[in-house]
Amino acid sequence: MALLEIRDIEVYYGVIKAIKGISFDVNEGEVIALIGANGAGKTTTLHTITGLLSAKAGSITFDGKDITKIPAHKIVSMGMAHVPEGRRVFSQLSVYDNLKMGAYTRTDKDEIEESLAMVYSKFPRLEERKTQLAGTLSGGEQQMLAMGRALMSRPKIVLMDEPSMGLSPIFVEEIFKIIEEISSSGTTVLLVEQNAKKALSIADRAYVLETGNIVLEGDAKELMNNETVKKAYLGE
């Protein structure tokens, strides 16, 4: 059984049907890329999975439980973390306090400290800047903080929305290396990313979304060599 199962979900904004009955699976330990143009419905899909939007039809099953109608804060405590588009760090709080906010569903102080040490080992820059206000960090550092904060909840799966957006090429490389590390340490990743080439280079499988429909799916490396994908998303 897949860790995350999406079945025939439909999502509306008013009368506009944004997601048109899509289905896909994410298996434990995989990196799954969801690629598509602006407005294809990628962020809407993530928001529906994490409970920030409600599906009008269809079902979402996570770790064997139906979470279609469960509110977002309860989904976090079940083992799902979301790194939102635009990072959304608490700019007036320190790096340390932002990270602690990521562990708000947990109670064991020793385990929280262990997670903090793990995050600092993955993101040494955050430890160097732990007393600094998050709003004074660079864009790349804020992205690292958003990812570190998500890992503080010890998730089974992390949903990442456009982690490379607006970053310099050096930071893009660094962020994708860290996503690979997160995956290799056993956390499942569902990645929404406009940089299709980078996303497909680290993903196991991928789905291509166009105007609320999945139009292509398959092994990420095979999709990288697909002529349609090359023309539409890889600039080739």
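Predicted model: local features only at pLDDT ≥ 70, side-chain atom pairs only at ≥ 80, totals over all residues.
Tutor: Residues are numbered from 1 along each chain as its sequence is written, and side-chain values use heavy atoms, leaving out hydrogens and water.

Student: Why is the pair of Phe24 and Tyr207 called tilted?

Tutor: Rings of Phe, Tyr and Trp (its six-membered ring) pair if their centres lie within 6.5 Å; planes under 30 degrees apart are stacked, over 60 edge-to-face, and the rest tilted. Here the centres are 5.2 Å apart and the planes at 45°, so the pair is tilted. By this rule the count is one aromatic pair.

Student: How do you know that Phe24 is buried or exposed?

Tutor: Buried means under 20% relative accessible area, exposed over 50%, and partly exposed in between (1.4 Å probe, protein chains only). Phe24 has 2% relative accessibility, so Phe24 counts as buried. Tyr207, at 3%, counts as buried too.

Student: What sits over the ring of Tyr12?

Tutor: The charged end of Lys56, 5.1 Å from the ring centre. The rule asks for NZ of Lys or CZ of Arg within 6 Å of the ring centre and within 35 degrees of the ring normal.

Student: Which residues does Met147 touch?

Tutor: Contact means heavy atoms within 4.5 Å. Leaving aside residues up to four places away in sequence, Met147 touches Val83, Phe123, Met160, Ile175, Ile178, Ile179 and Ile182.
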